[in-house]
Amino acid sequence: METATAAHTDHHADVHGHEEHHHEETFLTKYIFSQDHKMISKQFLITGIFWGIVGGLLSVLFRLQLGWPNETFPFLESFLGKWAEGGKISQEFYYALVTMHGTILVFFVLTGGLSGTFANLLIPYQVGSRDMASPFINMLSYWFFLGAGVVMFFSFFIQTGPASGGWTAYPPINGLRDTAVNLGSGLGFDLWILGMTLFIVSALLGGLNYIATVLNMRTKGMNMFRLPLTIWALMFTAVIGVLSFPALLAGCVLLEFDRLLDTSFYLNNIIINGNLLGYKGGSPILFQHLFWFLGHPEVYIIILPAMGLVSEVLSTHSRKPVFGYKAMVFSILAILVLSFIVWAHHMFVTGLNPNLGAIFTLFTLLIAIPSAIKVFNWIGTVWRGKVRLSTANLFAIGFVSMFISGGLTGIILGNSAIDIQLHDTMFVVAHFHIVMGVSAFFGMFAGVYNWFPRLYGRYMNETLGLIHFYVTLIGAYAIFFPMHFMTGLPRRYYTYANFETFNNFNFLAEFISIAAIIVFLGQVLFVINFFYSIFKGRRVEVEKTVDGYDYGNPWGTTTLEWSSPIERLHGNWPGDIPAVHRWPYDYSVNGREYIPQTEALKPGEVPHE
Amino acid sequence: MNVTLTEKEILQEKTEYTGVHPQKFALWIAMASMTMFFAALTSALLVKKGDYRSWEGFTLPTVFLFSTFAVIGVSVCIHAALLSYRKSKFAQFRWLMFFSFLLGCLFLMLQLKGWSVLQAVGMTLTENLSGSFLYVITAAHGVHIAVGLLVMLVFIVNAFKNRKDPIYELRDIINPKRQLHLELLVSFWHYIDAVWVYLYIFFFLNYR
Ligand code: HEM
Ligand SMILES: [Cu+2]
């Protein structure tokens, strides 16, 4: 025993023999200019939470207008000033709210916040690597993300207000800088483009790092089919990102040329106040193609990480192997490929050739197949498992429910003939909020509750978590389910007062607004829980102490992240990186509750593969 | 205990799954991304060209053919520089880098010349769509070239500044990181040169 310890210490000293070269970290290098994937993950997460609050708040504001179009809310004037004179949100500001809500939630929370947090946290930990392929580029990725956010945030405080031409940034309205046409198309939209450009750079820098790390920096024994599904999902997400974001960038470059230098890529024969402007030959539809070539893959950039997290959480908390592991991997791959060839289903009413529409309908409906396989496998994973009703797992189960509900309406919308009726109505809003917005949030929450101990060495509070879950689940259905029945109600309208037919939706609109406020308050609970738990949460139990490092495994997971000490070391493992001997889902096998990936096969044991 | 591993130490533990250094691999992915960017721009051009009502063609100025030669020159030169670096012929390396830089600058000047030829025949940025596309795509490509030139300049300045310092050159020989960075730069240049060759052929076929 004596000698064994001595040998261990020796080895330890060996690894850190060159300690003199290591510069001690200062506050600045540790928290601000950190190149450590775990710190960058926290930076992304907390920035994402900030944006989540802002984006959510914006929706509460416009729901006030939609729910009670005839009321005034004097308190609004005191903090919005001219945007809510007399306590009524102005038309211009309403459109800014809707636009920025979409932009912030889609890009800053569910893309940057979600991928940024979990790719950074999980990729190095779960593939068994000390950090990303390029920690420096990784840091840049965060800093571009932050810069993008600063620009977007700043745009709220300029005279003409932030962009207000929709999160999809369509020309012609966004192609003219004339604020007489639309306030938000002035400087606000230039800032939008600048912010999005920085954001795209951030996504690309992050993405290429994630892919290079997964493919090159796995530990010994970690072949591709021993990767947890989180990693597969995050890697394919990054692939989609690096291949589709450039199209948006190209679209935005051309748009900014139209705006600043009077080219006519998207503009043609525009008449303002009886004056014919000099633009000729352009086509706004061209922008839609470039936008949706990113835009559709983007929705999978949002949902795939959530799917990966959910697969992992469901398996861990049901104490059962993931059902159909390889089917899951190939489904993600199929989704990746298909996601690039369905973009025109957002453009069925643009005068698209109906025959082309039929082809896009076909590809669109094909996506239902891998999606359904995944749903089936999640249910198969939970089925007859020893299911723990922890907050993380409830959110994962909630994800599956939401994804099914929203996916079904996708199949309806995917038919070009039906979509002509439904396009730009609340039915679409219901579809994509349930299938993308709420589902991705559920996946993200499942991930945060599950990996919070890895990030901070403490648990989040379960009671608050459960309240948060039920409020969000019931509330989200209360908000979005009724929208399916607001037949024909166009989206993005400031008021429907001039349309008598729509009067019968007044009650529903009010009901939805109340639910939205409650759900928003529910999220405040999460934020409180999050920050409280960082400092005061229950500590992760120490299971063993080796060489002065405490080890734990709060959920009894098999994956590599808990083979590293509870304390978060730069470089992740104090000694050598552990080798991997088995796939990541050995739950409830050989009479054991779980077998870590680092454990060698017993003589005669047949590996899963 | 706060141990900070340097980037180098972290990378030393890379495993050899793809046999490629992770950062080089990352550069390849970046190239795929840039390819999508130029593909998006050129397909936008094709879509608009298909819309015959708004497309007014014109012939591509021949200057762009000469810039194509310039850019091929950069590739040849910088590759030769890499080879002499590998053979530790540092004097040769420095001059070849320097020539690559000059050729790169020449390329940008020829592109500007191309623009002024267009201006001279009345094909301004806003005159019509076919012209606008040519300006925007060449500008987007030019930005990439300019970035490549900046990084190249850093290499050149370092190489010339330390040319009398034997220790520096010794480190050139034994420091794998420095060679890696050079290889990354060279790959980038080959890539962005190839993009121009593609663009030139594309323009040549579409502007006549
Ligand atoms: C079975 C799978 C799905 C099908 C067939 C489908 C189909 C469609 C169609 C046809 C539209 C266009 C509706 C219109 O504007 O008229 C649409 C909109 C949308 N879908 Fe899906 N969808 C599916 C799954 C998803 C998923 C998984 C997500 C996200 C994770 C998603 C996110 C969106 C978004 C964000 C929009 C609307 C964007 C906007 O106009 O602002 N969809 N979907
Ligand atoms: Cu879509």
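Predicted model: local features only at pLDDT ≥ 70, side-chain atom pairs only at ≥ 80, totals over all residues.
Donors are N, O and S atoms within 2.8 Å of the metal.

The copper ion (ligand 2) is held by three histidines of chain A: A:His296 through ND1, A:His345 through NE2 and A:His346 through NE2, at 1.9 to 2.1 Å. Along the sequence, these donor residues follow the spacing H-x48-H-H. A:His296 sits in helix α9 (residues 284-318) of chain A, while A:His346 belongs to the loop between α10 (325-339) and α11 (354-366), so the pair ties together parts of the chain that are 50 residues apart in sequence. Buried means under 20% relative accessible area; A:His296, at 5% relative accessibility, therefore counts as buried.

A:His431 is part of helix α15, which covers residues 426-456 of chain A. How far apart are the iron atom of ligand 1 and the copper ion (ligand 2)? The separation between these two metals is 4.5 Å.

Of the 208 residues in chain B, 53% count as buried. Among the contacts in chain B with a separation of 6 or more, 81% join residues 24 or more positions apart. The accessible surface of chain B amounts to about 9,800 Å², and carbon and sulfur atoms contribute 69% of that area.

Definitions and conventions
Residues numbered from 1 in each chain as written. Chains lettered and ligands numbered in written order. Heavy atoms only, no water. Donors = N, O, S within 2.8 Å, 3.2 Å for Na, K, Ca; no water. Helix = DSSP H or I, 4+ residues; strand = E, 2+ residues; numbered from the N terminus. Buried < 20%, exposed > 50% of the residue type's maximum accessible area, 1.4 Å probe, protein only. Contact = heavy atoms within 4.5 Å. Areas by Shrake-Rupley, 256 points an atom, 1.4 Å probe, with all protein chains shown as cover.
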